[in-house]
There are 2 protein chains.
Amino acid sequence: MDRTPRSGPYICGIDAALDVVSGKWKGLILWELDAHRVRRFSELRRGLPGVTEKMLTQHLREMEKDGLVHREVYAEVPPRVEYSLTEHGHTLNQALGPLGAWGVDRIRREGSEVVDVPETAH
Amino acid sequence: MDRTPRSGPYICGIDAALDVVSGKWKGLILWELDAHRVRRFSELRRGLPGVTEKMLTQHLREMEKDGLVHREVYAEVPPRVEYSLTEHGHTLNQALGPLGAWGVDRIRREGSEVVDVPETAH
DNA sequence: CCGTATCCGCCCTGATACTG
DNA sequence: CAGTATCAGGGCGGATACGG
C-alpha cells in the first residue's frame, strides 16, 4: 500500500525532492492544486486526462503522507472530499518553477508534442 | 539500449524536465559535473558510491542523447574519456537549484538519514 | 581504463471489477 | 461521489561476467 521506502539514505537535496515528485502525475497534481487552491477528487480526475482512479488515489495518498497535500473529508451525502496544498506543497511548487520553465524551453527546442503548456506564473 | 520513449506527449514543462532527470543517479551526476567542470569515468564512479558501471554508463548515454552531457574520447593508451556539462546541462542544473534547496529543507524537517548534503552554491 | 552483455527481481503503472 | 481489490505487464535498477 505504502510507497516503497527509499533504498538508502538521501545523497543530496535533489534526491530528497525528486523522491517526492517522482510519479507520473504528481507534477500535474501539484500544478492543478496550486492553480485552483481546492479541488475535489472528480475535478482532479477530469484535470488529469488519462489518469486512473487507482493512480490518482495512490499519488494523492503518498503526497498527503509526504506532507504536500491536505485531504478534507466532509461527512455528507453524496460524499465530498477536497484536496488542497499544504504550505510545504506550495513551496515545493514554487521551487519547481524554474524547472518547469527549463522544460518548456526543452519542448520548444525539440519540437516535442505537447498537450498543454501552462504558464509558469499562474 | 535506448531509454523507453515517453508513453505520450508531455503535459507540461515539469514533465519534460522530470523526464530528463528521472534516474537514480542523474541529479548527482549533474552536480558532480557542474562542480568539477570535467570528470573522467572512474572519477564519476568514485563520486557516486554504490553505482554500478552499467548504470553509470546508461545514465551518461541517456544524458548525452538528451543534450545535457558532452563526452570527449581521447585515443590514448590507457584510454581516457572525459565528461562535462553542455550549456543545456548547465542551465538545467541552475533550474534544479531551488528544488535542491527545498529538498535540503525537507531532509532537515524529517531528520532523514543523509550521506552528504552539498551546498547549493558551489 | 572504460566500458558491454546477460540475466533477474521488483516496483510502478494500468485495466478491470466492485463497494460505502 | 469517492474510492478499494485484484491481476498483469514491462521497465528500471542491480549483480555478475566478459571484452577492447
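**Architecture and packing of the two-chain model**

The structure is a predicted model, in which local features need pLDDT of at least 70, side-chain atom pairs count only at pLDDT 80 or more, and totals for chains, interfaces and linings use all residues. Residues are numbered from 1 along each chain as its sequence is written, chains are lettered from A and ligands numbered from 1 in the order in which they are written, and side-chain values use heavy atoms, with hydrogens and water left out.

Helices (H or I, at least four residues) and strands (E, at least two) are DSSP runs, numbered from the N terminus. Of the 122 residues of chain A, 41% count as buried; buried means under 20% relative accessible area, exposed over 50%, and partly exposed in between, with a 1.4 Å probe and protein chains only. Among contacts (heavy atoms within 4.5 Å) in chain A between residues at least 6 apart in sequence, 47% join residues at least 24 apart.

The strands of chain A come next. Two strands pair if DSSP finds at least two bridges between them. Strand 3 (residues 80–85) of chain A pairs with strand 1 (residues 38–40) of chain A in the antiparallel sense over three bridges, and A:Arg40 stands opposite A:Glu82 of strand 3. Strand 3 of chain A also pairs with strand 2 (residues 69–74) of chain A, again antiparallel, over six bridges; here A:Val69 stands opposite A:Leu85. Strand 3 of chain A is mostly covered, with five of its six residues buried. Strand 2 and strand 3 of chain A form a hairpin with five residues between them. A:Pro79 lies in the loop between these two strands and counts as exposed, because its relative accessibility is 63%. The C-alpha atoms of A:Pro79 and A:Trp102 are separated by 40 Å, although the two residues are 23 apart along the chain.

In chain B, three strands form an open sheet in the order 1-3-2, with antiparallel pairing. Strand 1 (38–40) and strand 2 (69–74) of chain B are the edge strands, each pairing on one side only. Neighbouring strands of this sheet are turned by 25° against each other on average, direction ignored; axes are lines fitted to C-alpha atoms, for helices over the stretch in contact, and angles run from 0 to 180 degrees between N-to-C directions. Strand 2 and strand 3 (residues 80–85) of chain B pair in the antiparallel sense over six bridges, and the bridge partner of B:Arg71 in strand 3 is B:Tyr83. Helix 4 (residues 53–65) of chain B packs on the sheet, touching strand 2 and strand 3, and its direction makes about 115° with that of strand 2 of chain B.

The helices bring the two chains together. In helix 1 (residues 13–21) of chain B, nine of nine residues are buried, including B:Gly13, B:Asp15 and B:Asp19. These buried residues pack against helix 1 (13–21), helix 2 (26–36) and helix 5 (87–110) of chain A, together with helix 2 (26–36) and helix 5 (87–110) of chain B. After helix 1 of chain B comes B:Gly23, whose phi is positive, near 145°.

A nonpolar core is a set of buried Ala, Val, Leu, Ile, Met, Phe, Trp, Tyr and Cys residues joined through side-chain atoms within 4.5 Å. Of the 56 residues in the largest such core, A:Leu92, A:Leu99, B:Leu92 and B:Leu99 touch the most other members. Leaving aside neighbours within four places in sequence, A:Leu99 is in contact with B:Gly13, B:Ala17, B:Leu18, B:Leu92, B:Ala95, B:Leu96 and B:Leu99.

Helix 5 of chain A also holds A:Asn93, which is buried because its relative accessible area is 13%. A:Asn93 touches A:Leu30, A:Trp31 and A:Asp34, not counting residues up to four places away in sequence. Among the buried residues of helix 2 of chain A are A:Lys26, A:Leu30 and A:Glu32, and helix 2 is followed by A:Arg37, whose phi is positive, near 70°.

Finally, the charged end of A:Arg109 sits over the ring of A:Trp102, 5.4 Å from its centre, and B:Arg109 lies over the face of B:Trp102, at 5.4 Å from the ring centre. A charge sits over a ring if NZ of Lys or CZ of Arg is within 6 Å of the ring centre and within 35 degrees of the ring normal.
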